[in-house]
Amino acid sequence: MADLQSARVAVYLDFDNIVMSWYDRVHGKNSYSRDRQRIAENPNDPEIADRLSAATIDVGAIIDFAASFGTLVLTRAYADWSSPVNAVYRSQLVARAVDLVQLFPAAAYAKNGADIRLAVDAVEDMFRLPDLTHVVIVAGDSDYVPLAQRCKRLGRYVVGVGVAGSTAKSLAAACDEFEAYDSLPGVPRVVREPARAVKAAEKVAKADTAAKSEPAAKAGAKAGSASRAKATDVAAGTGGSSRSGGRRSGAKATASADAAAPAPADAPVETVETVEAVEAVEAVEAVETVAADSVPAAEPSSATAPPKRGSRRATSKSVASTAEAAAAESAQQPEEPAEDPQLTATLLLERALRLGHDKNDDAEWLHSSAVKTHMRRMDPSFSEKALGYRSFNDFVKARGSIAELEETGHERLIRLRE
C-alpha cells in the first residue's frame, strides 16, 4: 500500500447500481424491480416517496471513506441524472464536487451502459494520470471484476464499496480491500425480516382462508339448492301425485294466509300436510340466510341459482392451481442457504493464524495487525465493525476458544490456542 502522504485516489460510482441495491436492501429483494414503473411514472406518490426516502444513499459517507486513503484527485458518478430518483441527490453531489456523467438508457428498462463507460474512463485515467495510487469502485456488479484485475496489474490499490447482500463475491475477491456500504460510519443499519418469508406467510394465510371458505360456500349453496328445490316441489305439486300436490299447494296458501292474520277461535286444526308445507317454507328461508352469510360477496349468484357441478370443480381446481402456482414460483426462485457471517469470520481467523504459524515457525505469537492484514488479503470483505465489534481485539477476544490474545504495552499479540 502506498504512503498516505503521497496517495492519490480516484473514485468511480455506478450510481444507479448503488441506489437500486440499497433500495432492495432496505425494502426486500427485487423491490426496485417491482416498484420501477411506479417510481418512473409518479415518484411524488406518498407511498413511493416514503420508500425512496427510507432508502436514501449517503454520498458523503462514501466520499469520506475514499478520502481516508489519500487525496481525492477525481470523483465521477455515472447515472441517468434526468431520472427523478437520481435528481434528488443534486445537493449532496454538488456539495462534494462530484463530476456527473450523464448516461441515457438505450430503451425502456434497459441498462444504461455505466459499466462499460466507467471501465473505459478508469483505464484511460490510469494511463493519463500515472500518479494515481488508489482506485475506488463503488458498485456491486460482477462486470467490474475485469476492471479491478486490470487496475491491480497496473499497480493500483483497488478498493471496492458495495451493498451487503447485493455485491458479487467475485468482485470483492478481485479487490485489494472491500468495504460494505452498510458498515460505513454514519450509514444506518438495516434490520428486517426477509421478504421471502413474509410473502410465504401471506400465501399460506390466503390458501388457508380459501380452503376454509370453500367448503362453507359449497355446503351453503348445496343446502340452499336442495331446499329451494323442495320448496318448489311443494309449491308446484311435483313432490308427489297430482292429487296430493294440489292438496299441498292449497295447504301452503292456507298456511300463508293464517300466518298473516290472527287465527279465529273456531279455526280448523291444521293437517299434517299443512304443517309440512309451513316447515318447508321456513327451512328454505333459514337455509338461504345461512348461505348468504357464508358465501363471499364476490359470488352472489350462488344464493339465487343452484351451482353446477362444473363450477364446484372449477372452484376446487382454482384453489389447487393457486397453491401450485405459489409452489412453482418458489421453485423458480430457489433461495441459497444464507451463510453465517460470524462462523465465516471465525474460520477465516483460524486459517490466518495457522498460515501465520506455518510461515513463521519460530514465532509463537503473531502481531494482531499482521493477522488482520492477512485476513483482509484472503477476504477483502472482512470487517470486524460489520460484525458488531468496536475493534479487531474485541473480535479476537470473542473467539477465545481458538485464539489467545496478549496485551503487553502497545503490542497486541495473538496465537492459536492448542
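Me: What does the chain average in pLDDT?
Reply: This is a predicted model, and its chain averages a pLDDT of 75, with 61% of the residues scoring at least 70.

Me: Which elements have the lowest and the highest mean pLDDT?
Reply: Among the elements of the chain, the lowest mean pLDDT, 45, belongs to helix 11 (residues 242-260), while strand 4 (residues 134-138) has the highest, 96. Over residues 234-275 the pLDDT is below 50, although this stretch still has 23 contacts in the model beyond near neighbours in sequence.

Me: And how many contacts does the model have for residues 310-314?
Reply: Beyond four places in sequence there are three contacts for residues 310-314, where pLDDT likewise stays under 50.

Me: Changing topic, what is the strand order in the open sheet of three strands?
Reply: The order is 7-9-8, and the pairing is antiparallel. Strand 7 (366-367) and strand 8 (403-408) are the edge strands, each pairing on one side only.

Me: How many bridges join strand 7 and strand 9?
Reply: Strand 7 pairs with strand 9 (residues 411-416) over two bridges, in the antiparallel sense, and His-367 stands opposite Leu-413 of strand 9.

Me: Which helix packs on that sheet?
Reply: Helix 14 does, touching strand 7, strand 8 and strand 9, and its direction makes about 95 degrees with that of strand 9.

Me: What is Thr-346 in contact with, leaving aside neighbours within four places in sequence?
Reply: With those neighbours set aside, Thr-346 is in contact with Arg-399 and Ile-402.

Methods: Residues numbered from 1 in each chain as written. Predicted model: local features only at pLDDT ≥ 70, side-chain atom pairs only at ≥ 80, totals over all residues. Heavy atoms only, no water. Contact = heavy atoms within 4.5 Å. Pairing = 2+ DSSP bridges. Helix = DSSP H or I, 4+ residues; strand = E, 2+ residues; numbered from the N terminus. Axes fitted to C-alpha atoms, helices over the stretch in contact; angles between N-to-C directions. pLDDT = per-residue confidence, 0-100.
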